[in-house]
Amino acid sequence: MKYDFIDSPLLARLSSLPVEARIAMTGNMAGRHRSPHRGSSVEFAEYRKYVPGDDTRRLDWKAFARSDRFYIKEYEADTNMRAIFVVDASGSMDFQSDGESKFEFARRIAASLAYLLVNQGDAAGLSVCAEKLQLEIPPSRRAAHLERIFSALDSIAPAGETGLASALHAIASKAPRRSFVVILSDLLADTAPLANALRHLQQQKHDVSVFHVMDRAEIDFNFERPHRFVDMETKTTIVAEPELIAEEYQRALNSFLTSVRRECAESHCDYRFITTDSPLEPLLRDFLTARGVKAKH
Amino acid sequence: MHFLSPSLLWFLLAAAVPVVIHLVNRRRHKTIEWAAMQFLLSATRQYRGEKKLRHIVILTCRALGITAFAIAAARPVVSEIIGWGSGSINTVVLILDRSASMEIKTASNQSRRDSALEKISTSIKNLGNPRLMLVDSASGELQEISSPELLPTLSSTAPTDTAADIPALLNRAIAFLSDVTGRSEIWIASDLQASNWLPSDDRWNTIRSTIATPPEAPTIRVLSMNNPSGPNAAIRITESRRAGDELLLDVEIHRDTANKDAPLSLTTHLNGSNTSENIATTGKLARFQKRIALPNSQSKGHGWLSLGADANTRDNTAYFVYGPSRKAVSLVVAAPGESANYLALAAAPPGMNMEAPIASPDQAAQKISPELAAVLWAAPLPEGAAAEAMRRFLVSGGHVCFFAPVTQSRNTFNNLGWSPTTMAPAGKFFILKEWNRSDGPLRDGLDGSPVAAQRLKALRRQIPEGDATTLARWEDGEPAFVRRIFDHGTAWLLGTVPDYSWSNLGDADALLPLVQRIIDEGNDRFQNSLSTTIGAENARPQNSQARIRIHGPGDELTADVFLAGVEKSDNGLLAINRPVIEDAAESLNNGAINSLLEGTRHTLLDQAGNDSDGKGSAEAWRLFLFAMLFFLIAEALLCLNPKAPCTVHATSIPKRG
């Protein structure tokens, strides 16, 4: 594979785990996901009275024999899933203390899930945002479409301020209802606009998953000597002694995380807090397994 | 405070290291691109007040810890004597008050002198053993002390029965230090007894002007050893004379206020036998006459009176010596008549071992001899050979009382003379109005009873003229009785005579005590050869004399000239007692000392009630080491920043790796 963020052995191991939808999807093709409409699958849904114009082939003659009434036998419809990966490409996502940056880590997750989705017949699309929505690749189930997504992910360099909330509003408006929206971001912005955007997505019946990506250094904040901190987005600087302000930093971080978690829960988002030093396979396996369980219920 | 290793004080500069490191660290920060800026901004805004103060306190603790270590390494010495503000000292001249009053025991049963020596010895040792010079108050000699530890063992610091002349000792020290380079100090260990410090002495002006001027003038440190003491009484024999088979001792007992009404035990030691008695006295000063019966066979002998043990045992003993009974012979110079007879009767009352021949003024030159106790002169003032004989008699210690000459005469004697005779107004008298009741022949008795001098009434009088001290005045303020000192002798002039046409002086109310006291004082010069005080000229052994002490404090058979006792020489026995001024209890207060040393660099260390430790100084490095530990522990505790546990997201944040 020519993209270093694609781990083929990992994808091969994960291919046995389907990417399930937590809610009924509205696809344009028959697929493996539950649809809100009646269809022709083998799974019985309900009986309803015959009305003129119904296909007589769907009459349940055994029920007529028992009741002298005509009943139509309804079956569940199966459809495919449209997934949209929203990747935050603002300057803050370029932060890396050790190993890979937050953007690189988010890119690996997005690429892996997109591959798994297309591989199981679902459609995958990509939206990249920084200050505004920079790139939109509509969902498609064609294998060649993956190449386009990978190429886009490979070519993006994080920069600029965060405009995630406005990008999500745009996606919520434009994307077909009942899509699978996967957000990969450090969410370093005001939580109120983000909460509004998540509610907008929820209103559009989207299945939203949030991968909250942070670097271990941002959490621990255990620097020993004075540092001059340069904002990666605005380039403003602060000289501080981390030892002295670590307690206040942790307090502010915890407050932020609590707020984000609460907003995601209220918007019924599948929230996952991850750090860039986490191994990818357990993370994705846990994600896919959890979704599978929820889909059966 | 003095430092034994002052060079290590350079390490004090290290106290700036934490601050410098802090400042350098702030300047040498590492630049890092940071994403989670919103938390950083929030944390920086919250970092205010208490935390910033805590950081400053931490820095301060570090600096103070290093400072305390540097000071401890320099081995500071905190001394009660030198205080906290002293640098290195090259020379210390110690003026040690060895007077008898310095032997008063303090609460720790240690004498003031011993306590001072101990403190000074420790202080000198802790000061790094600067050059130590000792000027002791007894000898006044300057000597170098090789080691301060020897101070308490030296004979020149031993107890004495002497008095001290602090101004003289200070002058001695200043004279020595005038040739000494380097920083020097004068330490005075004294009980501040006023009679030793002589605050009204003119020498203090010289001392102040000498050491107040130059910048390198020595610092004076006064170690005031006037600690409170227990009850104390001091005994003194003011006069001793033999009257036949009796020895009459005029005794004075000074007591402090603490026990002035308690009975005293008085022991009389006479030629090896002791008798004790309790005496009840009241007041701080008690005077009485002690009569001791002498064996007929003994023409001479010695003894002493002693009091029971108290705070100062050195002033509990008064020594006396007696010789064979001596007839008091006086000469009455007057024209035959009533005055001559009265004077002869007053000078040699019947039954007394006294003799008073009468001579005319013409015979006076031949009759006046050094063997006479006194001369009673009721005639025109002597002239010519008689005047010359009279001068020799006076200079040798004789006493002469000149009475009004009755006849008009303008003779003068050493600028002394008489005014013309004046008569009292008709029906009136010249009455003696006031007289000195504490000094002179008209003084009150030992028991305080006054002489009935107010009964003296005169019809005629002559006013003494010339430079003399007035001891009594007539009612109109004119002098009635005056005194002129002639070397060792004294001349008295009384402006009337015991003649019925002049006054009632012959009634003996005033005449008898007046004449007897003059004769006694004249006769005392023969008795005085038997007793003296330490420091007096006759107390110093002559080179040709082989003098040994036969009795002294604790029966010490030493020839220490600074101890009281009875000594035997070729000239006979001599009782040597402590100086009179040593019994004066008055001491100077801090204000008086400051006034005496005004304009000089001086400190006064008041030891009153502060004699428990007996050290005077100590190395204080432990104190600073503890201070360093305190600051470092405080710094460590402040640095233990108890981080608030991440309770909210502890489970949601993935573990590292």
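In chain A, 41% of the 297 residues are buried. The model described here is a predicted one. Nine helices and 10 strands make up the secondary structure of chain A. Of the contacts in chain A between residues at least 6 apart in sequence, 78% link residues that are at least 24 apart.

One helix pair of chain A was examined. Helix α3(A), residues 102-119, and helix α4(A), residues 143-155, have axes that come within 10 Å and cross at roughly 175 degrees. Because an angle over 145 degrees counts as roughly antiparallel, α3(A) is roughly antiparallel to α4(A). On the α3(A) side, the contact is made by Arg107(A), Ala110(A), Ala111(A), Ala114(A), Tyr115(A) and Val118(A). The residues supplied by α4(A) are Ala143(A), His145(A), Leu146(A), Ile149(A), Phe150(A) and Leu153(A). Sorted by class, this contact of α3(A) with α4(A) holds 10 nonpolar residues, one polar and one charged.

The two chains touch through 37 residues of chain A and 33 residues of chain B. Five elements of chain A each supply at least two residues of the side that touches chain B: α7 (216-220), β8 (227-231), β9 (237-240), α8 (242-266) and β10 (270-275). The most is given by α8(A), with 14 residues. By class, the side of chain A that touches chain B consists of 20 nonpolar, seven polar and 10 charged residues.

Strand pairing also joins the two chains. Strand β8(A) is joined by five bridges to strand β2(B), residues 30-34, and the two run parallel. Within this pairing, Trp34(B) of β2(B) is the bridge partner of Asp231(A). Strand β8(A) is also joined to β9(A), by four bridges, and here the strands run antiparallel. Arg228(A) stands opposite Val239(A) of β9(A). Together, the three strands form an open sheet with mixed pairing, in the order β9(A)-β8(A)-β2(B). Its edge strands are β9 of chain A and β2 of chain B, each of which pairs on one side only. On average, and with direction ignored, neighbouring strands of this sheet are turned by 25 degrees against each other. Helix α2(B), residues 37-46, lies across β8 and β9 of chain A together with β2 of chain B. The helix α2(B) runs at about 50 degrees to β9(A).

Strands β27(B), residues 469-474, and β28(B), residues 479-486, pair in the antiparallel sense over four bridges. In this pair, Arg473(B) stands opposite Pro479(B) of β28(B). The hairpin formed by β27(B) and β28(B) has four residues between the strands, and Gly477(B) in its turn has a positive phi of about 90 degrees.

The bridge partner of Val482(B) in β29(B) is Leu493(B). Strands β28(B) and β29(B) also form a hairpin, with two residues between them. In that turn, Asp487(B) has a positive phi of about 50 degrees.

Technical notes: Residues numbered from 1 in each chain as written. Chains lettered and ligands numbered in written order. Predicted model: local features only at pLDDT ≥ 70, side-chain atom pairs only at ≥ 80, totals over all residues. Buried ≥ 20, exposed ≤ 12 C-beta atoms within 10 Å, placed from the backbone. Contact = placed C-beta atoms within 7 Å. Nonpolar A, V, L, I, M, F, W, Y, C, P; charged D, E, K, R; others polar. Pairing = 2+ DSSP bridges. Axes fitted to C-alpha atoms, helices over the stretch in contact; angles between N-to-C directions. Parallel < 35°, antiparallel > 145°, perpendicular 65-115°, else oblique.
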